[in-house]
Amino acid sequence: MIRCPNCNSKDIGKIGSHQFYCWGCFIELTVNGEKMSVFQVEEDGSLSSLDDLFFGDDLMPPSFPEAQAST
């Protein structure tokens with residue numbers, strides 16, 4: 001089970017082959033192998049990256065093997 005890195009919610013919906021949406025805090029997650037990217041959905045529907053807030057420059061994103069099992 002994948003958890004939201006922002007709010008730790010398990011209420012995650014799948015919106016694409018490697019894309020997920022958190023219904024707890026309304027962010028979009030993209031998982032590609034062991035790399036996760038986090039995006040804020042803007043009012044116009046565009047996405048703004050939040051990776052710098054979650055992973056920083058010196059940090060590697062955490063591994064999410066359970067996300068691969070659910071695809």
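**View 1. The largest nonpolar core of this predicted model has 13 residues.** Those with the most contacts inside this core are Cys 4, Ile 12, Cys 22, Ile 27, Leu 29, Met 36 and Val 38. Three strands each put in at least two residues: β2 (19–22), β3 (27–32) and β4 (35–41). The biggest giver is β3, with three residues. As background, nonpolar side chains in soluble globular proteins tend to be buried together.

**View 2. Here we zoom in on Cys 22 and the residues it touches.** Setting aside residues up to four places away in sequence, Cys 22 touches Cys 4, Cys 7, Ser 9, Asp 11, Ile 12 and Ile 27.

**View 3. Ser 9 sits in the segment before β1 (12–14).** Its relative accessibility is 16%, so Ser 9 counts as buried, the cut-off being under 20%. The side chain of Ser 9 reaches over to the backbone nitrogen of Asp 11, at 2.9 Å. Once neighbours within four places in sequence are left out, Ser 9 is in contact with Ile 2, Arg 3, Cys 4, Cys 22 and Gly 24.

**View 4. Now for the sheet: five strands, open, in the order β1-β2-β3-β4-β5.** The pairing is antiparallel. At the edges are β1 and β5, each of which pairs on one side only. From one strand to the next, the twist averages 35 degrees. In general, strands of a sheet pair through backbone hydrogen bonds, and they can do so either parallel or antiparallel.

**View 5. Strands β2 and β3 run antiparallel and are joined by three bridges.** Look for Tyr 21, which stands opposite Glu 28 in β3. Tyr 21 is buried, as its relative accessible area is 17%. A search of the whole structure turns up one aromatic pair. That pair is Tyr 21 with Trp 23: the ring centres are 4.9 Å apart and the planes meet at 75 degrees, so the pair is edge-to-face.

**View 6. The hairpin of β3 and β4 has two residues between its strands.** These strands pair in the antiparallel sense over six bridges. Asn 32 stands opposite Lys 35 in β4. Keep an eye on Gly 33 in this hairpin, which takes a positive phi near 70 degrees.

**View 7. Moving along the sheet, β4 and β5 form a hairpin with five residues between them.** Three bridges join β4 to β5 (residues 47–49), and the two run antiparallel. Gln 40 has Ser 48 in β5 as its bridge partner. In the turn you'll find Gly 45, with a positive phi of about 90 degrees.

View 8. Phe 39 and Leu 29 are ten residues apart in sequence, while in space they are 6.3 Å apart, C-alpha to C-alpha. Which residues is Phe 39 in contact with, leaving aside its neighbours within four places in sequence? They are Ile 27, Glu 28, Thr 30, Leu 47, Ser 48, Ser 49 and Leu 50. Ser 48 came up in the previous view too, as the bridge partner of Gln 40.

Methods
Residues numbered from 1 in each chain as written. Predicted model: local features only at pLDDT ≥ 70, side-chain atom pairs only at ≥ 80, totals over all residues. Heavy atoms only, no water. Core = buried A, V, L, I, M, F, W, Y, C linked by side-chain atoms within 4.5 Å. Buried < 20%, exposed > 50% of the residue type's maximum accessible area, 1.4 Å probe, protein only. Helix = DSSP H or I, 4+ residues; strand = E, 2+ residues; numbered from the N terminus. Contact = heavy atoms within 4.5 Å. Polar contact = N/O pair within 3.5 Å; in protein donor to acceptor, adjacent residues only side chain to side chain. Pairing = 2+ DSSP bridges. Axes fitted to C-alpha atoms, helices over the stretch in contact; angles between N-to-C directions. Phe/Tyr/Trp six-rings, centres within 6.5 Å; stacked < 30°, edge-to-face > 60°.
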